[in-house]
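Here's a quick tour of a two-chain model, written for someone who likes to know the cut-offs. Have a look at the structure first, then read on.

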Amino acid sequence: MSKVIGDVILDVKNISLRFGGVKALTDISFNVKEHEIRSIIGPNGAGKSSMLNCINGVYTPSEGSITFRGQTFDHMNSRQVAEMGIARTFQNLALFKGMSVIDNIMSGRNLKIKSNLLLQALRIGPAQREEEAHREKVEHIIDFLEIQAFRKTPVGQLPYGLQKRVDLGRALAMEPQVLLLDEPMAGMNLEEKQDMCRFILDVNDEFGTTIVLIEHDMGVVMDISDRVVVLDYGKKIGDGAPDEVRNNEDVIRAYLGTSH
Amino acid sequence: MAFFLETLFGGLMAGMLYSLVALGFVLIFKASGVFNFAQGAMVLVAALCMARFAEWIPAWTGLESKLLSNILAFAVSVVFMFLLAWVIERLVLRHLVNQEGVTLLMATLGITYFIDGFGQTLFGSDIYKIDVGMPKDPVFVLDGIFEGGVLVNQEDVVAALIAAVLVAALSLFFQKTGTGRALRAVADDHQAAQSIGIPLNRIWVIVWCVAGITALVAGIIWGSKLGVQFSLTTVALRALPVIILGGLTSVPGAIIGGLIIGVGEKLSEVYLGPLVGGGIEIWFAYMLALVFLLFRPQGLFGEKIIDRV
């Protein structure tokens with residue numbers, strides 16, 4: 001695989017996050033380069049999801065700044081972040097359970113719909129063509145994720161592994177520049193994990209999407225990531241290529257514990 | 001037979017009115033997952049606004065034309081309902097994003113009392129009339145088939161037509177437009193909806209506006225039939241069994257549910273009433289709702305309740 005890693009696209013500087021007296025994150029800095037797969041790993045409670053939620057605008061960091069493509073934001077909500085081209089998936093699925101797979105993924109196109117309401121309601125003229133164009137993109141994603149058979153199924157009825165794929169599909173429908181994946185492999189069996197890995201690599205490869213991946217399963221991460229950040233108790237304890245990180249003393253200690 | 005048909009028509013028309021109110025509940029629930037207790041209060045305040053401005057506008061401007069002043073009053077009422085929606089979003093809902101359904105329910109309960117009081121402070125608390133020129137005279141139809149024909153209230157027919165148009169428009173809006181899809185998405189999961197760039201606040205304003213319009217239409221029709229008075233808020237209670245029957249998330253369900261309850265009330269009153277000494281009309285709807293809760297808790301058209309463990 002010969003992909004070209006570009007310049008820094010997302011730059012996280014000195015982020016701290018406090019909830020009352022609890023320090024979830026302390027002075028975290030790292031960057032993400034275009035087209036790379038960048039992982040954030042760490043044991044449970046290390047602050048991985050908090051970090052992702054800061055980037056996604058769900059939390060506002062107490063200190064520090066996040067710069068996306070040269071634009072620094074400190075008070076952003078999720079929607080504004082979405083408009084800038086950052087999509088995400090959720091650790092605990094947050095799909096629209098009553099809606100079909102197609103509608104879920106179509107909802108990811110929401111920001112791209114341009115024609116006015118009346119035309120849409122009547123399905124005439126440009127609105128009809130626009131709807132078809134969006135639908136085509138969505139069908140492409142459905143093919144890509146191999147969920148053709150479940151198009152019309154309400155998402156709530158699908159097994160867990162497939163719901164995770166729909167979650168990914170909805171994020172992909174936004175055609176994001178950066179895709180934040182929050183534990184996409186949590187709770188999956190080996191086969192499902194392998195499928196998900198393949199999808200992540202393909203997304204990165206085919207669409208050129210930059211990926212920020214959160215995972216606590218070290219094995220998976222080391223195989224597919226370009227660079228890895230390691231967090232423990234809200235602090236950064238390692239940063240670099242998978243091999244460097246694997247041999248880092250602090251990282252080993254965090255994962256295996258110290259002998260007393 | 002003619003008498004049966006008359007009762008049936010009467011029931012259908014009454015049912016249509018229940019449907020209109022139920023529709024307001026369904027809209028807000030569908031689009032924000034909030035059971036909006038304030039729907040009844042919104043019907044009242046919309047009707048009050050309409051009734052009062054229809055009086056005030058000719059008095060202030062010396063406008064002669066009744067039609068014109070009704071149109072103006074309607075326009076003012078629409079603006080009023082939009083403002084109300086905007087204020088509710090701004091002051092209440094915006095601060096409750098991602099909260100539990102129960103919290104939001106309690107908030108709408110608060111809104112109910114506020115609107116009740118505020119509306120009557122603003123517009124007065126007497127009984128007012130709305131006269132939008134609905135035809136009042138009953139007519140006989142089908143007299144070729146039955147002797148003497150079937151007595152139908154023209155006003156009811158017009159009301160039914162208006163309701164039908166409203167429902168068709170709303171169904172198109174929900175099923176066919178991107179905004180409709182966004183509304184359904186918001187109802188399912190606030191957090192996820194925001195993450196894909198759906199503007200939660202704007203969606204809420206839109207849906208409360210639409211519910212406001214529905215309340216206004218319901219208020220005008222009820223008001224012109226029964227007069228505008230405080231008891232209009234209790235209309236909301238009549239709509240509850242309709243929603244249980246039709247399903248909280250279904251626009252067609254609200255309509256069919258309303259019709260079933262309307263017809264059921266009238267037919268049971270007329271044919272079963274004498275056997276038990278009458279008064280069935282009052283509790284029939286709730287009884288039916290209870291039976292539905294036992295056997296089909298999601299209602300006739302509601303989304304099936306799926307719970308993965």
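Predicted model: local features only at pLDDT ≥ 70, side-chain atom pairs only at ≥ 80, totals over all residues.

## Chain A: overall build

Chain A has a radius of gyration of 19 Å, which agrees with the value near 18 Å that a compact globule of 260 residues would have. That radius is taken over C-alpha atoms, and the globule rule is 2.2 Å times the number of residues to the power 0.38. Along the principal axes, the C-alpha atoms of chain A fill a box of roughly 70 × 40 × 40 Å. The chain is built from ten helices and ten strands; helices (H or I, at least four residues) and strands (E, at least two) are DSSP runs, numbered from the N terminus.

As for bookkeeping, residues are numbered from 1 along each chain as its sequence is written, and chains are lettered from A and ligands numbered from 1 in the order in which they are written.

The mean pLDDT (the predictor's confidence in each residue, from 0 to 100) is 85 for chain A, with 97% of its residues at 70 or more. Within chain A, helix 4 (residues 117–122) has the lowest confidence, a mean of 70, and strand 7 (residues 178–182) the highest, at 92. Chain B averages 83, and 95% of the residues score at least 70. For the complex, the predictor gives an ipTM of 0.70 and a pTM of 0.74.

## Chain B: overall build

Chain B has eleven helices and two strands, in the order α-α-α-α-β-β-α-α-α-α-α-α-α along the sequence. Its radius of gyration is 20 Å, close to the 19 Å from the globule rule for 309 residues, so chain B is as compact as a globular protein of that length. Its C-alpha atoms fill a box of roughly 65 × 60 × 35 Å along the principal axes.

## Helix 9 and its two partners

Helix 9 (residues 235–246) of chain B packs against helix 11 (residues 280–295) of chain B at about 30 degrees, with axes 9 Å apart. Axes are lines fitted to C-alpha atoms, for helices over the stretch in contact, and angles run from 0 to 180 degrees between N-to-C directions. These two helices of chain B are therefore roughly parallel (under 35 degrees; over 145 is roughly antiparallel, 65 to 115 roughly perpendicular and the rest oblique). Residues meeting here include Ile244(B) from helix 9 and Phe292(B) from helix 11. The contact has nine nonpolar, no polar and one charged residue.

With helix 10 (residues 251–276) of chain B, the axes of helix 9 of chain B come within 8 Å and cross at roughly 120 degrees. That makes helix 9 of chain B oblique to helix 10 of chain B.

## Where the chains meet

How many residues of chain B are in contact with chain A? There are 22, facing 29 residues of chain A, where contact means C-beta atoms, placed from the backbone, within 7 Å. On the chain B side, helix 5 (154–176), helix 6 (178–188) and helix 7 (190–195) each give two or more residues. Helix 6 of chain B has the largest share, seven residues.

Conventions:
Contact = placed C-beta atoms within 7 Å. Nonpolar A, V, L, I, M, F, W, Y, C, P; charged D, E, K, R; others polar.
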